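Dear colleague,

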Amino acid sequence: MARRKIIAGNWKMNMTPSQAVALCDTLKDLVATDEADVVYCVPAIDIVPVVEAVKGTNVEVGAENLYFEDKGAYTGEISAEMLVDAGVKYVIIGHSERRDYFKECDCLLNKKVKQAFKAGLIPILCCGESLEQREMGVTMDWIRLQIKSDLTGVTADQVKEMVIAYEPIWAIGTGKTATTGQAQEVCKGIRDCIAEIYDTDTAEAVRIQYGGSVNAGNAAELFAQPDIDGGLVGGASLKADFGKIVNYK
Ligand code: PEP
């Protein structure tokens, strides 16, 4: 069965609650489609107003992070249960900005992935190599390590439901998109890795996005690749262009 495309915006640390509602209003008709899942991953403080603002539309809401414990003395953190109760369906885990600036390691990310599943959230697990790693020729070794570590103890049925986002770090927010060939090659490599760890059914079911300077001009070619099931979009998700990315065909 063909995999349904999933196109998610990662708003990062942008948009105050009132700006977020205004953006939902601007994008509402532009992102309407029956052909793909559309998700806005928004800052924690925007979740409640954005859930309200997208009610009755085709847009689902995602969080940009969660904490792996159920509840308790973890000042500043947000639990999976809180996200679910607020109406969140997806959660980004392991974005390179969190791996880098907040020193989130694979062991922690594995706990977050498992916590997301426990609460009924769908993880969008990010992976990707630095420019140095690409130049050293270790891209796929590095990504396989990330995938294997982050999915330790995760079942095949869970993997079939989740999303993996391949995001080369050198392409995020830089305007440098991976070539279609580079993006397809790594997304296929990730699918092969899932087939090795699990089985071919699981590998065929898991949705794999490309992320890294996706825009209205390159989305169609990227998303037409056999192993690219949509995109995780940063900068361009904050503009009317996101509608063109969602309706890329
Ligand atoms: C991202 O933040 O996940 C991302 C891919 O950003 P950008 O599209 O701006 O490169």
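This is a predicted model: local features need pLDDT of at least 70, side-chain atom pairs count only at pLDDT 80 or more; totals for chains, interfaces and linings use all residues.

Residues are numbered from 1 along each chain as its sequence is written, and side-chain values use heavy atoms, with hydrogens and water left out.

Strand β8 and its partners

Helices (H or I, at least four residues) and strands (E, at least two) are DSSP runs, numbered from the N terminus. Two strands pair if DSSP finds at least two bridges between them. Strand β8 covers residues 230-233 and pairs in the parallel sense with β1 (residues 5-10) over four bridges. It also pairs in the parallel sense with β7 (residues 207-211), over two bridges. L232 in β8 stands opposite A8 and is also the bridge partner of G211. In a regular strand the side chains alternate between the two faces of the sheet. In β8, G230 and L232 point one way, G231 and V233 the other, and all are buried. Buried means under 20% relative accessible area, exposed over 50%, and partly exposed in between, with a 1.4 Å probe and protein chains only.

Q209 is found in strand β7 and is buried, with a relative accessible area of 0%. Contact means heavy atoms within 4.5 Å. Leaving aside neighbours within four places in sequence, the contacts of Q209 include I7, A8, I124, V163, G231 and L232. The C-alpha atoms of Q209 and A8 are separated by 9.0 Å, although the two are 201 residues apart along the chain.

Nonpolar cores

A nonpolar core is a set of buried Ala, Val, Leu, Ile, Met, Phe, Trp, Tyr and Cys residues joined through side-chain atoms within 4.5 Å. The largest has 64 residues, of which Y40 and L151 touch the most other members. Helix α9 (residues 180-197) gives the most to this core, with six residues. Another core, of 12 residues, lies apart from it and includes C41, I92, C126 and V163.

Helix α7

Helix α7 (residues 139-150) has 12 residues and reaches 17 Å from its first C-alpha to its last, close to the 16 Å expected at 1.5 Å a residue. That expected span is 1.5 Å times one less than the number of residues. T139, I143, Q146, I147 and D150 are buried in α7. Seen down the axis of α7, the buried residues fall within an arc of 95°, so they line one face of the helix. The arc is that of the directions from the helix axis to the C-beta atoms. Among the elements they pack against are α5 (106-119), β5 (122-127) and α9.

Aromatic pairs

Rings of Phe, Tyr and Trp (its six-membered ring) pair if their centres lie within 6.5 Å; planes under 30 degrees apart count as stacked, over 60 as edge-to-face and the rest as tilted. A search of the whole structure finds six such pairs. F223 and Y248 have ring centres 5.1 Å apart and planes at 85°, so the pair is edge-to-face. F223 lies in helix α11 (residues 219-223) and Y248 in the segment after α12 (241-246), 25 residues apart. Both F223 and Y248 are buried. Elsewhere, ring pairs link W11, Y40 and F242 into a cluster.

A loop residue

S79 lies in the loop between β3 (59-63) and α3 (80-86). S79 is buried, with a relative accessible area of 6%, and, leaving aside neighbours within four places in sequence, is in contact with E69 and D70.

Yours sincerely
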